[in-house]
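Please examine the structure shown below. The explanation that accompanies it moves from the record to the packing of helices and then to a pairing of side chains.

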Amino acid sequence: MSSLVLAEKSSRQSARPQWRDFWELGKPRVVLVMLVCALVGMVLATPVLPDIGRVIYATLGIAMAAMGAAAFNHLLDQRLDRLMLRTSKRPLAQGRIPPWQAALYASLLSLLGLSLLWLEVNPLTSVLTAAALLGYALIYTRFLKHATPQNITIGGLAGAAPPLLGWTAITNRVEADALLLVLIIFAWTPPHFWALAIHKQDEYRRAGVPMLPITHGEGFTRLQIWLYAWLTVVMTLMPYVSGMSGLVYLLLIVPLNIRFMQINWRVWRATSAQAPIQAFWFSIRYILYCFAALLLDHCLPVF
């Protein structure tokens, strides 16, 4: 009898939320990509290196708000997450964290991040970050995701905000070059996520999410990925065309875009069952390399 009690107690202890579960709620890998884009926005916003203190405060504030938004996403999507293999092991889906704790965690992170931005950076960045948070955590997750196959296209604007937030953190202004950085991510988001949607379409169908491959068919989605990939290429060339970046950026982005189109060609022509998931993973590296090229082009003259 005592062994059963000990076993039950051990089971309850192992089920208690660990710091890793709360860390996972914030989607740290996704937030890391966002922070890289935000940091590039900070550096590109000024011809000299930005104030390090402002960079630290802005990075922390954006990171906390982004992780808060991700936690809200987990909270609102917990029922759907249980139905999909890709997300079934998330803390809320498995019941490792009670919903009220997740809600408190998400709220505190978001408020701390927005307050830090307001007090130590500037109100404009705080307001824009709040808009992005609401756009992702509420408008996209709660409504668009379940209402339209264009959920990624429309909701992608919130996910494209980080470089603008980084820019305004330094300049306290919304400028054309900052919006160009936003448009690069905005154009990149559909081919990035629709490739995953093709690979996971059976799970999305079972969960009742109207992703494009389900509502319009796989062939139509592959064509849209190909067309949006071309739009992404055009947008990534605009920094050079507009004079925002120079020859170093052009020499780096052209071969990167060639590789990007080669991989998306395989998706469009359905040359392999693994092509969509391969395109998805490459697209993450692609956007990081793109912003790294922008950063390198900007910083080389400094050194």
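This is a predicted model: local features need pLDDT of at least 70, side-chain atom pairs count only at pLDDT 80 or more; totals for chains, interfaces and linings use all residues.

Residues are numbered from 1 along each chain as its sequence is written, and side-chain values use heavy atoms, with hydrogens and water left out.

The UniProt record, an unreviewed entry, places the feature "transmembrane region" at residues 30–49, 55–76, 97–118, 124–140, 176–198, 247–267 and 279–296; such annotations may be inferred rather than shown by experiment. Residues 30–49 are 75% helix and 0% strand, with 26 Å between the end C-alpha atoms. For residues 55–76 the corresponding values are 100% helix, 0% strand and 31 Å. Helices here are DSSP runs (H or I, at least four residues) and strands likewise (E, at least two), numbered from the N terminus.

Helix α3 (residues 28–44) packs against helix α15 (residues 275–299) at an angle of about 20°, and their axes are 10 Å apart. Because angles under 35 degrees count as roughly parallel, α3 is roughly parallel to α15. Axes are lines fitted to C-alpha atoms, for helices over the stretch in contact, and angles run from 0 to 180 degrees between N-to-C directions. The crossing of α3 with α15 is left-handed, a term for the near helix being turned anticlockwise from the far one by less than a right angle, with right-handed meaning clockwise. On the α3 side the contact (heavy atoms within 4.5 Å) includes Val33, Val36 and Cys37; from α15, Phe291 and His298 are among the residues that take part. This contact has 13 nonpolar residues, 1 polar residue and no charged residues, where Ala, Val, Leu, Ile, Met, Phe, Trp, Tyr, Cys and Pro count as nonpolar, Asp, Glu, Lys and Arg as charged, and the others, Gly among them, as polar.

Helix α3 also meets α4: their axes come within 10 Å and cross at roughly 145°, in a right-handed crossing. Met34 and Leu35 are among the α3 residues in this contact, and Thr59 and Ile62 among those of α4. Its residues comprise 12 nonpolar, 1 polar and no charged.

Helix α4 (residues 52–76) in turn crosses α9 (residues 162–171) at roughly 145°, with axes within 10 Å. This crossing is right-handed. Arg54, Val55, Ala58 and Ile62 of α4 meet Leu165, Gly166, Ala169 and Ile170 of α9, giving 6 nonpolar, 1 polar and 1 charged residue.

The structure holds 6 salt bridges, each a side-chain nitrogen of Lys or Arg within 4 Å of a carboxyl oxygen of Asp or Glu. One of them joins Glu24 and Arg96 at 3.6 Å, N to O. Glu24 lies in helix α2 (residues 19–25) and Arg96 in the loop between α5 (78–83) and α6 (99–120), so this pair ties together parts 72 residues apart in sequence.

Key:
Angles under 35 degrees count as roughly parallel, over 145 as roughly antiparallel, 65 to 115 as roughly perpendicular and the rest as oblique.
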